[in-house]
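Student: Can you walk me through this one? I have not looked at it before.
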Amino acid sequence: MTIGVDDDESAFSRLEDGKGLEESWLRICARLKGEVGEVEYRTWLTKIALGPIDGDEITLLLPTRFLRDWVRSQYGDRLSELWNQEIPNIRRVELQVARAGDPAPIPLEDIPGASAATPAQEEATPAARTAPEVRSDLVTALDSRFTFDTFVVGKPNEFAYACARRVAEKPSSVGFNPLFLYGGVGLGKTHLMHAIGAELIQSGNVSVAYMSAEKFMYRFIAAIRSQSTIEFKEQLRSVDVLMIDDLQFLIGKDNTQEEFFHTFNALVDAGRQIVVSADKSPSDLSGLEDRLRTRLGCGMVADIHATTFELRISILESKAAASGVVVPGKVLEFLAHKITSNVRELEGALNRLIAHANLFGRPVTLEATQEVLHDILKAHDRRVTIEEIQKKVAEHWNIRLTDMSSARRARNVARPRQVAMYLAKQLTSRSLPEIGRKFGNRDHTTVMHAVNRVTELMGLDAAFAEDVELLRRMLES
């Protein structure tokens, strides 16, 4: 299509008109939603907000670095094409991480094509029927904090998140049954289970039963004792979605496994959805009956891997932003390096830090973090050796490892050697004489001088201090 002068003038006027720009963005969102589908759009694109325009460049904002990088790699070219088609003067789309006070994303319901169903559609869909009653004894209290909006998505959990979203949106036509979520402690399984339950209950279109495997067992035992097993079976087999958390609890409990197996079969045969979580995959749950493990593995098995450093940073950034307390980036990086195995513990550490800052009205600093979280950090400490310190410092300043114990006194060798002594004092429990012996049998007073000199230089030279802190984090991680 050829663009004439009138078209250019019209485009310029639209660029200057903020309302026109928002209307263009609405149309682009609608086209993207139509192209990728609602599940994928909800998963990756609903968090994009419209930013400022500068000449031929439009800025789009995302809440985390991970989402920014993902959208840039997967949808960046398409976003540029759509903007250029909508407003030819826009030649480039810049994706940035949003800051406090930046515009919010457009709600999904405001996007064309995402509105409610027509009256004719309502008559043909379950939404038109009376919402089923949700029995309180079948739904363990859901944590209001655990929603899809508060779940930080990264490579280790993106597949599990997308599957959970699909179940929450269309439980009657998911295409896989059951959904089996598995992963280590504190990686987000229960968060996703609560998010599914909350969204399904809020929709009002389906009946839901959510409970832990432990509660399932206790309710089954209580039904046997009260001679009400038939009522127990009918209650569970009448729901549209059954969710059982921590299935590994049933290992070794044969009678409860038997009941769950029959409940499982009855619901699947009736076309009802089942969601299960455990700490291992079905094939690794060796204490379960073979027939139950086989049935569990026939659906969609989605694992949640151990977190990456980038995902831990994104989680901490999200939680810190929601708290309203300013947490420096170096503190977030420090926590992400130190607490690597458990997201729950990572969030707990940040919550304690924020509570301390609010209670005492003090800023969050690296020193305060080490003081407030000393018990948690101690549990995650690993033993660092002087040999490791010498090797890392030598690599950092590109000197020979033998220079650490040599008699050379040139500044380019002496300064790294002093840093290595300083880190040995900070990161190991070795005494000053022991440290001195590791550095060419030097006297303990030489080590003391090195520690004092490095401390002094860190206070005078910010770049030098950053180098030392970087080396410390690398050695501790």
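Tutor: We can take a helix, then some annotated positions.
This is a predicted model, where local features need pLDDT of at least 70, side-chain atom pairs count only at pLDDT 80 or more, and totals for chains, interfaces and linings use all residues. Residues are numbered from 1 along each chain as its sequence is written, and side-chain values use heavy atoms, with hydrogens and water left out.
Student: Ok, which residues in H14 are buried?
Tutor: Val343, Leu346, Ala349, Leu350, Leu353, Ile354 and Ala357 are buried in H14. Buried means under 20% relative accessible area, exposed over 50%, partly exposed in between (1.4 Å probe, protein chains only). Helices are DSSP runs of H or I, at least four residues, numbered from the N terminus.
Student: Where do they sit around the axis?
Tutor: They cover an arc of only 130 degrees, which puts them on the same side of H14. The arc is that of the directions from the helix axis to the C-beta atoms.
Student: And what is exposed on the face turned away?
Tutor: Arg344, Asn358 and Leu359.
Student: New topic. Which residues does UniProt list for "binding site"?
Tutor: The unreviewed UniProt entry lists Gly186, Gly188, Lys189 and Thr190. Such annotations may be inferred rather than shown by experiment.
Student: Is Lys189 buried or exposed?
Tutor: Lys189 is buried, with a relative accessible area of 8%, and lies in helix H7.
Student: Which backbone oxygen lies 2.9 Å from a polar atom of its side chain?
Tutor: That of Gly184.
Student: What about Gly188, buried or exposed?
Tutor: Gly188 is buried too, at 15% relative accessible area.

Note on methods
Helix = DSSP H or I, 4+ residues; strand = E, 2+ residues; numbered from the N terminus. Polar contact = N/O pair within 3.5 Å; in protein donor to acceptor, adjacent residues only side chain to side chain.
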